[in-house]
Amino acid sequence: MNKEAATDLLNPESTEQPETKNGISRIYALPLIGFAFIAVAFAIGLTLNPRDIPSVLIGEKVPEFNLPAVQGRTLGLSDTDLKGEVSLVNVFASWCTACRAEHPLLMNLAKQNIVPVHGLNYKDKPDDAQQWLDSLGDPYTRTGADIDGRVAIDWGVYGVPETFIVDKEGRIAYKQIGAITQKILDEKILPFIRKLQDRSDQ
Amino acid sequence: MKKIIISVLSLFILTSSIAGAVEPSEMLDDPVLEQRAREISKGLRCLVCQNQSIDESNAGLAKDLRILVRERLTAGDSDQQAIDFIVARYGDFVLLNPPFKLATLALWLGPFGIAGAAGLAYFNFIRRRSKDTRAVPVLSHEEEARFEKIIDKI
């Protein structure tokens, strides 16, 4: 021990830390506060699903496209068909099992005549798509056969199934990633559709 | 002989993994364009296998986007235009290098901010220590000797 340290022992009021009325300097709180912010941000981030990538096309007009109908159907799908009324565009494929899971819900929805449901057939073989709709039933008012998937890329599609709500002005209003469930339908999609429909009537 | 065979085999295996998932049929004839396409692809995230670039990923969408990038370049787009084309459809998340803009400021500057704050605090701490100018009382020789004796016992 040296004299300075001994002096400190003898003088209890003096400390080596910067003095403030309350004791330790507040500047030490800075890294701690910064860490707290980051910790909160990470905690929130951990609850988010990285596979749910929000669409950057919300509010944008639907991309220009013009697709022929799926084999065996008559009405094709283009961007001009999506103006004038609120509609749903469902991206599906016969090779997609989750699409099969949501299919009964789409059939049900189509029967209720609340909103037209159009189908964007993603990277499917014409025979397979036709067979799929013939055997399971066809909920779609119009279908578009996107054989090479390019139109889907313009919509920002990165998986199947995905479902878009398009408003009366032909703008993308909402994107659902993954299969629709009854819960999502009741809590998110149908209320939003009704809101868009009411809004346009004013 | 065995060593030569092993080293040649290793060379093949290593270089093939660097080649990524690009198939010969996708490759452009113009090597300059092809090289640009490869570089751009390495910076675009495959949204299906999210920790891979579209250059590495075997996913169908990755292949489609690789071909799309090549088409844009062949059509005359600059690197930035081709990238902007993809970002316009999929958003900033498709970029493996997050862009430097207001929304990502916290991401880019955060670590430096924390390090800076910590450095400041430490610097402050050191500065105050060396500023310690409390006078050490002067002791006579006798007092000094007594002092040393007491201190040695501690």
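This short talk walks through a predicted model, chain A first and then a group of helices in chain B.

Local features here need pLDDT of at least 70 and side-chain atom pairs count only at pLDDT 80 or more, while totals for chains, interfaces and linings use all residues; side-chain values use heavy atoms, with hydrogens and water left out. Residues are numbered from 1 along each chain as its sequence is written, and chains are lettered from A and ligands numbered from 1 in the order in which they are written.

Let's begin with chain A. It has six helices and seven strands, where helices (H or I, at least four residues) and strands (E, at least two) are DSSP runs, numbered from the N terminus. From the N terminus on, their order is α-α-β-β-β-α-β-α-β-α-β-β-α. Of the 202 residues of chain A, 43% are buried, meaning under 20% relative accessible area, with exposed being over 50% and partly exposed in between (1.4 Å probe, protein chains only). Contact means heavy atoms within 4.5 Å. Among contacts in chain A between residues at least 6 apart in sequence, 72% join residues at least 24 apart.

Is H118(A) buried or exposed? H118(A), found in strand β4 of chain A, is buried, with a relative accessible area of 2%. Leaving aside residues up to four places away in sequence, H118(A) touches L77(A), L82(A), S87(A), L88(A), V89(A), N90(A), Y140(A), T141(A) and R142(A). K183(A), by contrast, sits in helix α6 (residues 182–201) of chain A and is exposed, at 57% relative accessible area.

Now over to chain B, and helix α3(B). This helix has 15 residues and reaches 21 Å from its first C-alpha to its last, close to the 21 Å expected at 1.5 Å a residue; the expected span is 1.5 Å times one less than the number of residues. Which residues of α3(B) are buried? They are L61(B), A62(B), D64(B), L65(B), R66(B), L68(B), V69(B), R70(B) and L73(B). Their cover includes β4 (117–122) and α5 (150–154) of chain A, together with α2 (31–42) and α4 of chain B. Just after α3(B), G76(B) takes a positive phi of about 110°.

How do the helices pack? The axes of α3(B) (residues 60–74) and α4(B) (residues 79–90) come within 9 Å and cross at roughly 140°. Axes are lines fitted to C-alpha atoms, for helices over the stretch in contact, and angles run from 0 to 180 degrees between N-to-C directions. The two helices are therefore oblique to each other: angles under 35 degrees count as roughly parallel, over 145 as roughly antiparallel, 65 to 115 as roughly perpendicular and the rest as oblique. On the α3(B) side, the contact is made by L61(B), L65(B), L68(B), V69(B), R72(B) and L73(B), and α4(B) brings D79(B), A82(B), F85(B), I86(B) and Y90(B).

On to the other neighbour. α2(B) and α3(B) pack at an angle of about 135°, with their axes 10 Å apart, and are therefore oblique too. From α2(B) come L33(B), E34(B), R36(B), A37(B), R38(B), I40(B) and S41(B), meeting R66(B), V69(B), R70(B), L73(B) and T74(B) of α3(B).
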